[in-house]
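Keep the 3D view open while you read.

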Amino acid sequence: MAAEDKDARYRRKIAKAKRKEYPRRAPEQWTEQRYAERGTDCLLDGVVDTVARLDVGTSDAAEFRARFEAPGVPVMLTGAMERWPAMRSWTFERLRTEFGREKMKVGEDDDGYPVYVRLKHYVRYLAETDDDSPLYVFDSSFAERRGVRALADDYAPPACFTDDLFGLVGERRRPPHKWFVMGPCRSGSYVHIDPLGTSAWNAVVCGRKRWALFPPCVPKEVVQPKHEGGREAIAWFTHAFPILAAAADEAHRPISAVQRPGEVLFVPSGWWHTVLNIDHTIAVTQNFASAANFDAVWLRLRKSRPKLSAKFRNSLLTARPELHARTDELEHAAPIGPPSPSSSSSSSSSSSSSSSSAASSRSSGDTAARAGSASAVASPVASEAAGEARRKRRRCEGAPTVADAAKQAERAGVGAKVCG
Ligand SMILES: O=C(O)CCC(=O)C(=O)O
């Protein structure tokens, strides 16, 4: 094909993907805020990185569980990706040359169908785009598609995350749980809570990601205030972040981190989070159910996926009898905590449409479960205790704050870092 035709084809394909994902957005609206002109440094405005680092080379999974997973505290793991082939082979150039003809998911149309773009076109778009909040590859089925599944052999979950309870129901039945994530600077994920009470890890191979996190007790209307620019990560960081960073209630101030290549962020069950890519970024992220978030996961699953929850429970009988017994203890428990299922999770991989969100990609086929997770449960027997738990959540009592995060970080020997 002549170069001119190739060029026209590339433009047509990108325009078509954008139209499918945001049918009501005119082409000129993609750049109307002119964020690209402000440069990268602005994307780091106001960041004080207070998330603790834990070097997996000098600590073990037990330390991670005790200090971070059990109490539900975010942490950045270092030294966990050194042996990943991905660290050498996931470059934009190699992805283009080796997988250029393969398609990756960049969103969903209004009917929930995936929108795909060939990698060779996406890599060019990533390098050239001036879009305010560009299309974002967020692909949960890459490991099952013949053309790109080799990518899944290029990494392995860090040892801290080997407790993967949904694996018990089999690959075919389990909810989507791994995503290949790639996007240019300014792309990102709008504030959301991950589905089904799961926790997540997110590993960056290329580029930097800016994170803001809030504990589960912070109400939706606080973390998702009305602001200019739509439900885009870049608009949130530009308009909502500065206001929240100065919130009178310390618990409502975002906990910030800048994640660099080779770092893995642990996002505990029920935590709100939003991400802005500072550079062109490649990452992989997985959600998981473990003994630590079991109550939250079970209660969400039972409510939103009755058939799957029955299979899950069955599989626990032999594999994890103690957790099977826990489902009996939770028989009369109801999930408490943030948000109604439909409102809690509206992550946007690149835009305002909730149907095109990172969270919706994560929960495809599981829309009802796209829920705020509960990290605490109402006791089946003690309604008084449940009431107290609810009151505590409202007050964010005991929840880690920015100050706690800074202390944790200091203990881990990194202290607070000012970026940008
Ligand atoms: O890397 C990102 O954009 C964040 C992903 C995320 O928040 C999620 O998968 O829940």
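Helix α4 crosses helix α5 in a left-handed way. Keep in mind that this is a predicted model. Two packed helices are described by the angle between their axes and by how far apart those axes are.

**α4 and α5**

- Helix α4 covers residues 92–99 and helix α5 covers residues 119–128; they pack at about 155 degrees, and their axes sit 8 Å apart.
- Angles over 145 degrees count as roughly antiparallel, so that is the label for α4 and α5.
- On the α4 side, the contact uses Phe 92, Leu 95, Arg 96 and Phe 99, which meet Leu 119, Lys 120, Val 123 and Leu 126 of α5.
- Sort the residues of this contact by class and you get six nonpolar, two charged and no polar ones.

**α1 and α5**

- Helix α5 has another partner: helix α1 (residues 3–21), whose axis comes within 10 Å of the α5 axis and crosses it at roughly 85 degrees.
- α1 and α5 are therefore roughly perpendicular to each other.
- From α1 come Asp 7, Tyr 10, Arg 11, Lys 13, Ile 14 and Lys 18, while α5 brings His 121, Arg 124, Tyr 125 and Glu 128.
- The contact of α1 with α5 has six charged residues, three nonpolar and one polar.

**α8 and α9**

- Phe 294, Trp 298, Leu 301, Arg 302, Lys 303 and Ser 304 of α8 touch Pro 306, Leu 308, Ser 309, Phe 312, Arg 313 and Leu 316 of α9.
- In this contact of α8 with α9, seven residues are nonpolar, three are charged and two are polar.

**Cavities**

- Fifteen residues, written 15 if you're counting along, line the largest cavity, and Phe 138, Ser 189, Asn 202, Trp 211 and His 273 lie nearest its centre.
- Strands β8 (188–192), β9 (199–206), β10 (209–214) and β13 (272–277) are the elements that each give two or more residues to that lining.
- By class, the lining of the largest cavity is made up of seven nonpolar, five polar and three charged residues.

Terms used:
Residues are numbered from 1 along each chain as its sequence is written. This is a predicted model: local features need pLDDT of at least 70, side-chain atom pairs count only at pLDDT 80 or more; totals for chains, interfaces and linings use all residues. Side-chain values use heavy atoms; hydrogens and water are left out. On a 1 Å grid over the protein atoms alone, a cavity is a set of points where a 1.4 Å probe fits but cannot get out, and a pocket is an open set with protein on both sides within 12 Å along at least five of seven lines; lining residues have an atom within 4 Å of a point. Helices (H or I, at least four residues) and strands (E, at least two) are DSSP runs, numbered from the N terminus. Ala, Val, Leu, Ile, Met, Phe, Trp, Tyr, Cys and Pro count as nonpolar, Asp, Glu, Lys and Arg as charged, and the others, Gly among them, as polar. Contact means heavy atoms within 4.5 Å. Axes are lines fitted to C-alpha atoms, for helices over the stretch in contact, and angles run from 0 to 180 degrees between N-to-C directions. Angles under 35 degrees count as roughly parallel, over 145 as roughly antiparallel, 65 to 115 as roughly perpendicular and the rest as oblique. A crossing is left-handed if the near helix is turned anticlockwise from the far one by less than a right angle, and right-handed if clockwise.
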